[in-house]
Amino acid sequence: MAQAVEKVATSPKEHDALISGSEAIAVACKLADVDVITAYPIRPYDTVMQYVAKLVSNGELDCEYIVAESEHSQFEIVKHASAAGARVFCGSSGVGWMYAFEALTVTPALRIPMVAMVGNRALDDPGAFGVEHNDALAVRDLGWQLVWVDNAQEALDTALIAYRVAEDRRVFLPCAIACDGAFLTHSQSQVKIPPQEWVKRFLPPYNRGDLLLHPDNPITVAPQVNEDWLMEIRKHNDEAMKRSKTVIREAYAEFAKIFGRDYGNPFFEEYQTQDADVVLVGMGTLSMPVKVAIRRMRAEGKKVGFVRIRWFRPFVAEELAATLGRFKAVGIIDRDFSFGSPYTSGVLATEVRAALYPAEKRPPVLAFICGLGGREVTVPDVQRMSEMLLRAAAGERQPLTTWVGIRE
Amino acid sequence: MADAIETTLPTQQLEAMKGVKKVPLEEFFTSGHRTCQGCESALVMKLMVKAAGPRTIVLGSTGCMYVANTTYYSTSWVVPWMHTQLGSSGSAGMGTAAALKVLMRKGKMKEEPINVIAFCGDGGGADMGLSAISAALTHPQYNFLILLYDNESYANTDIQLSGLTPYGAHTTFSPPGKAKRIMHRRWKKNVAGMLAAGHPECRYVATVDASYAVEMMNRVRKALTIGGPTFIHSLDPCPKGWDYDPMLSHELGELAVDAGVWPLYEVENGLLKLYGRTKQIAEKRARRKPVRDFLLKQGRFAHFTDDDIDYFQAKIDEMWTKWLIPGVIPFHTELDRDQPPA
């Protein structure tokens, strides 16, 4: 990696490197000239901090790198560093993320534009290293922007975009980049690393403005309020999250101009949807087996498509509903659970159903729980889900929620 | 070798005030708060930031000194102030100090020594926040002071017992009843001694008592000037929690020291120094007052029998006669006993 990063300083062009998702985000921290980074070990996210530590020890990244004594402190330290004007990076996984939950709660409330990486991991108990999305999803109501990526290139690019969006004064909300544990955090792929100069053009310095905690700006941050003001303060955050949609669009457009990589619709990716009868919807690295299965089924004349959601918060409900309304049936693959939720499905399925409710065209929605605890989502799993969708599209009654790939 | 120790930013050189007439008149903690009448912790806030001066950032963890001092639109803080979570004073101090250090190093902020003070109550500091404070004190490259204002209960939430509530005290979580007169049987943690002994790189740890205001402010100044992470533990009489007439706050602060319940000391670069009344007691120039005088002025000990008072007295006597370092280090060594007679 040292070699990969050294080139950045000297070359005016991007260069290729074979790196993992975690390493890609560490490189993004260097490119973004992050000021304060805090680490605490938990698999699988901690690989990013191992790469950061190497960058620091080799003198390639000038930052305060603090190994905290818990995730709670880890997130509190960077929260305060950000309030004092520093660009910060943090991250965690699974129950580590949950241990930090109090800090995660106040971070968006304080309008702290922290960027964090969640290496998605199953929550204890029993202990399991593999991916589930429940950790990151736990903050979905709090004002965190949440984006799922599915490859190392996208991880790097999204980290740079996340800083630009989070630190935009119209937003000033934290952003968590969710990376599937192992499948992305630990898997290497070819990544184009942009030169520092491009990043400088794309990412303005962090300016906390009149919210900076400094003797020249003697403000009182987060004074005690009660029913007389809290509702208005909550509304400010609501408006900021709404504005984030516009800022995300602008950031992707600018990113495409400077870096030459155009992600199209920033919020969700469509795969073979143009003529599809039915589509699957999911987040993260399960896109790989889904896309392989779709190619096979297409060869058999079955018109299946895929919608991969990137930004879960903000959630583009109207746009997504309009897209999904084009199909005869929609299947949501949740790599998470939500016990006792409507139709006992997953979080994503519940959100998509809610998004569809006011829409004009509401295709039948089937929910699938799949790939928990890092279990592989296989091509036959995807084929089974697609077959159920095709039957639903033909008017046949199907169960509303199905656990797929589970021992009978 | 040069690489072995990370550089620290210069600190403000705050000189000790020689007498009350040398104390600056300027206030940085002013009107706008709504602490109780006789609140000693509010005085601690006022003296703390008066000693530190205007180029100071204060971080306050949840507790009385958050809730009562920073009502929306009527903040009492003249210097920049930010709330931090109950267990986060250590992290708040360190995060802020780290930001100042890196931003000044990278030229993103004008270079100047800025004081960073993070305060916590006894619940936030000695219970929930102990782990973060301990971690923070192991980072000598950052300059900040953690001040624990100890009113000996979770006073803001309704007087519940904390790890620093004294033995036997009546709190809403330890009410004396018909079956159990003494509900709270744990002895108060020795926080300053524990932090001084456990963090050899921490350059300054002190106990203070705002009844001795100038001494207290000078210790804040020393903690900020000496550099690195430092810790001060202040004992604050609390009319509501200790249940006494608010006019007695100052007197109770003195009595705590006079009775030997609250020893005043500082550990500066590893050197332990007793000071004030405590020093006089240790040097036998003053007599310790009976704890009875201290306890019975407080309603929270009103249920104590003579036996309870005797037990309390015996524990305080033990602290002064048996501890390796009286009032600071609570064990004795076999070594002393094993020495052959001279």
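Reader: What distance separates the centres of domain 1 and domain 2 of chain A, taken over C-alpha atoms?
Author: The model is predicted. Chain A is divided into domain 1 (2–259) and domain 2 (268–404). Taken over C-alpha atoms, the separation of their centres is 28 Å.

Reader: How many residues does domain 2 of chain A give to the contact with domain 1?
Author: Both sides contribute. Domain 1 of chain A gives 26 residues. From domain 2 of chain A, the number is 20.

Reader: Which class has 15 residues on the side of domain 1 of chain A that touches domain 2?
Author: Elements giving two or more residues to this side include helix 7 (134–137) and helix 10 (230–259) of chain A. By class, six residues are polar and five are charged. The class with 15 is nonpolar.

Reader: Which are the edge strands of the six-stranded open sheet in chain A?
Author: The order is 10-12-11-14-15-16, with mixed pairing. An edge strand here pairs on one side only. Those strands of chain A are strand 10 (268–271) and strand 16 (401–404).

Reader: Which residue of strand 14 stands opposite V281(A)?
Author: Strand 11 (residues 278–282) and strand 14 (residues 329–334) of chain A run parallel. Four bridges join them. Opposite V281(A) stands I332(A).

Reader: What angle does helix 13 of chain A make with strand 14?
Author: Helix 13 (residues 347–356) of chain A packs on the sheet. It touches strand 11, strand 14 and strand 15 (365–370) of chain A. Its direction and that of strand 14 of chain A make an angle of about 145°.

How values were computed:
Residues are numbered from 1 along each chain as its sequence is written. Chains are lettered from A and ligands numbered from 1 in the order in which they are written. This is a predicted model: local features need pLDDT of at least 70, side-chain atom pairs count only at pLDDT 80 or more; totals for chains, interfaces and linings use all residues. Two strands pair if DSSP finds at least two bridges between them. Two residues are in contact if their C-beta atoms, placed from the backbone, lie within 7 Å. Axes are lines fitted to C-alpha atoms, for helices over the stretch in contact, and angles run from 0 to 180 degrees between N-to-C directions. Domain bounds come from an automatic or database domain assignment. Ala, Val, Leu, Ile, Met, Phe, Trp, Tyr, Cys and Pro count as nonpolar, Asp, Glu, Lys and Arg as charged, and the others, Gly among them, as polar.
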